[in-house]
Amino acid sequence: METGEISEKIKRGRHTTRHVELLRVCENTYIADTPGFTSLDINLLEAEQIPGLFREFRPYLEGCRFRDCRHLDEPDCRLKARVGVDISPERYNRYKKIMNEIKSKSKF
């Protein structure tokens, strides 16, 4: 696929997609390559919703030491204990990045 150079102004790649395409990653998992889509706007999401959006996190969302556990820095977090076992460290790092972005935009 065609790729563009990194924009000095916005520090992101320039969009070169000219058509819509679904790329199959594995069974039941696709990536949509669409023109005009450059970033994910998470302003409509609440921090409490984010853990449940990670399908592999769902079995471990209950049972933490604290009922309002954000699964970030709290001790005795059931979800964090599964990172590297049942939860990919890369996916957990993506979760932390999203949560930090929400935190920086709100009074989390």
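Predicted model: local features only at pLDDT ≥ 70, side-chain atom pairs only at ≥ 80, totals over all residues.
A quick note before the views: local features need pLDDT of at least 70 and side-chain atom pairs count only at pLDDT 80 or more, while totals for chains, interfaces and linings use all residues. Residues are numbered from 1 along each chain as its sequence is written, and side-chain values use heavy atoms, with hydrogens and water left out.

**View 1. His-71 in its loop, between helix H1 (50–53) and helix H2 (89–105).**
Helices here are DSSP runs of H or I with at least four residues, strands are E runs of at least two, and both are numbered from the N terminus. His-71 is buried, at 4% relative accessible area (buried is under 20%, exposed is over 50%, partly exposed is in between, using a 1.4 Å probe and protein chains only). Its side chain gets to the backbone oxygen of Cys-69 at 3.4 Å. Leaving out residues up to four places away in sequence, the neighbours that His-71 touches (heavy atoms within 4.5 Å) include Pro-51, Tyr-60, Cys-64, Cys-77 and Lys-80. Have a look at the backbone too: phi of His-71 is positive, near 65°, and this isn't a glycine. For background, most residues other than glycine have a negative phi.

**View 2. Glu-74, also in the loop between H1 and H2.**
Instead, look for the Glu-74 side chain reaching the backbone nitrogen of Leu-72 at 2.9 Å. Beyond four places in sequence, Glu-74 touches Phe-66, Cys-69 and Lys-80.

**View 3. The largest nonpolar core, with 17 residues.**
Such a core is a set of buried Ala, Val, Leu, Ile, Met, Phe, Trp, Tyr and Cys residues joined through side-chain atoms within 4.5 Å. Ile-50, Phe-57, Leu-79, Tyr-92 and Tyr-95 touch the most other members. H2 supplies the largest share of this core, five residues.

**View 4. Asn-28, in the loop between strand E1 (21–26) and strand E2 (29–33).**
Asn-28 is exposed, with a relative accessible area of 62%. Its phi is positive, about 65°, although Asn-28 is not a glycine.

Technical notes:
Polar contact = N/O pair within 3.5 Å; in protein donor to acceptor, adjacent residues only side chain to side chain.
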